[in-house]
Amino acid sequence: MPIAKLKSKTTAPREEIVIARQMHQALVLHYMEGLTQAQIADQLGISQATVNRLIKRGRQLGLVEIKIKSPVEPLVDMEERLLALGGISRAVVVPTVSDNPQIALQAVGEAAARLLIEEIGDGDTICITGGKGVSAVVAGLQPPRRFAVEVIPATGCVQGKHYTDVNHVSTLMADRLGGRSYQIHAPLFADDAEQREMLINMRSVADVFKRACEAKVAVVGIGSILTDDSSYYDLHPSSSTDRAAIERSGATCELLAHLLDRRGQVCDYSLNRSLVSLTLEEFASIPTKIGVASGPNKAGPILSVMRGNHLDTLVTDEATGARILEIASEEGFSA
């Protein structure tokens, strides 16, 4: 009767264990302690070529996982989520550096200013609105050289506060860039639609708006309507007393002084018909349209403008971006 023999247990050859141990030591010394391959070779008593092979083989076997943590990673993620909502092709989100809205807007303005410098070249035309956001962009401009550009108002003018005067803001931007500004000699609001047509067709006004339509870049603010800090009520003396009519119109935001509803469509409101401004159809023809806004109260208005597909680029801060995403999620449009 044949005698059954027990199979010997399979064991890793001693040489393989030695190599595995050396590989582990080389990987730890290189990736965790930062030693060079020459230093590792000296410490382990092997050749530098062997160290190189051990490290390379360790990576091939998946023994090394490299993870890079960046302070801007959350911002990049937020930018991607904002893009996923639709309506814009580029989002720039900066850290919210302060609870002070002026400081937060300053950071957003500086980011938009850097973006504007990247977009323009000699001979280009920039079309702008007035407003706190665009004024923050002007304040943040630090051009590396002079740019032979033209800066053109996109709307009529409102005298009073410095940031509502588009001629003033246009002059400041042109001075900062080293270019030339054009002035518009017409109010933002006509008395009625008939007077608007008369003003729009005046040669000096028509020339400004023709140049604005031909701009390469537009920089505009996004206005809130339903909050007490809204600057829209600085634009027209009767708008504050007409608050109820504005709310009935369904207005949620302002763009180029047009009141828009939550879908980003122009509201049926009397002052919309007397605006001395580029129409939104004319504005749409400008290749690069940068919207600048900051603050939790601007989140809803920004989302409405995005839904209307009026902008290419949004520049805002992290707190505002988070609120935009929150509102979108509440309304079933989460990214």
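This is a predicted model: local features need pLDDT of at least 70, side-chain atom pairs count only at pLDDT 80 or more; totals for chains, interfaces and linings use all residues.
User: Why is Ile 66 called exposed?

Analyst: Exposed means over 50% relative accessible area, buried means under 20%, and partly exposed lies in between (1.4 Å probe, protein chains only). Ile 66 has 55% relative accessibility and therefore counts as exposed. Ile 66 sits in the loop between helix H3 (48-60) and helix H4 (73-85); helices (H or I, at least four residues) and strands (E, at least two) are DSSP runs, numbered from the N terminus.

User: What makes Tyr 31, Met 32 and Ile 66 a nonpolar patch?

Analyst: Patches are made of residues with over 30% relative accessible area and no salt bridge; nonpolar side chains (Val, Leu, Ile, Met, Phe, Trp, Tyr) are joined within 5 Å, and like charges within 9 Å. Tyr 31, Met 32 and Ile 66 form such a nonpolar patch on the surface, with about 350 Å² of accessible area together. Accessible areas come from the Shrake-Rupley method with a 1.4 Å probe, and for residues only the protein chains shown count as cover.

User: How do you know that Asp 122 and Arg 145 form a salt bridge?

Analyst: A salt bridge is a side-chain nitrogen of Lys or Arg within 4 Å of a carboxyl oxygen of Asp or Glu. For Asp 122 and Arg 145 the N to O distance is 3.2 Å, so the pair meets the definition. The pair links distant parts of the chain, 23 residues apart: Asp 122 is in the loop between H5 and strand E2 (125-128), and Arg 145 is in the loop between H6 and strand E3 (150-153). Because its relative accessible area is 42%, Arg 145 is partly exposed. The structure holds 14 salt bridges.

User: What makes Arg 211 and Glu 150 a salt bridge?

Analyst: The closest N and O atoms of Arg 211 and Glu 150 are 3.5 Å apart, which is within the limit for a salt bridge. Arg 211 belongs to helix H9 (residues 203-213) and Glu 150 to strand E3, 61 residues apart. Arg 211, at 27% relative accessibility, counts as partly exposed, and Glu 150, at 22%, is partly exposed. Glu 150, Asp 207 and Arg 211 are linked in a network of salt bridges.

User: Why is Lys 289 called buried, and which residue forms a salt bridge with Lys 289?

Analyst: Lys 289 forms a salt bridge with Asp 312, with the closest N and O atoms 3.3 Å apart. Lys 289 lies in strand E9 (residues 288-292) and Asp 312 in the loop between helix H12 (299-307) and strand E10 (313-317), so the pair ties together parts that are 23 residues apart in sequence. The relative accessible area of Lys 289 is 6%, so Lys 289 is buried.

User: What makes the phi of Ala 257 and that of Asn 309 worth noting?

Analyst: Most residues other than glycine have a negative phi. Ala 257 has a positive phi of about 70° although it is not a glycine, and phi of Asn 309 is near 55°, also positive. Ala 257 lies in the loop between strand E7 (253-255) and strand E8 (258-260); with a relative accessible area of 3%, it is buried. Asn 309 is in the loop between H12 and E10, and its relative accessible area of 55% makes it exposed.

User: How are the 18 lining residues of the second largest pocket divided?

Analyst: They divide into 7 nonpolar, 7 polar and 4 charged. Here Ala, Val, Leu, Ile, Met, Phe, Trp, Tyr, Cys and Pro count as nonpolar, Asp, Glu, Lys and Arg as charged, and the others, Gly among them, as polar. H6 gives the most to the lining, with 6 residues.

Definitions and conventions. Residues are numbered from 1 along each chain as its sequence is written. Side-chain values use heavy atoms; hydrogens and water are left out.
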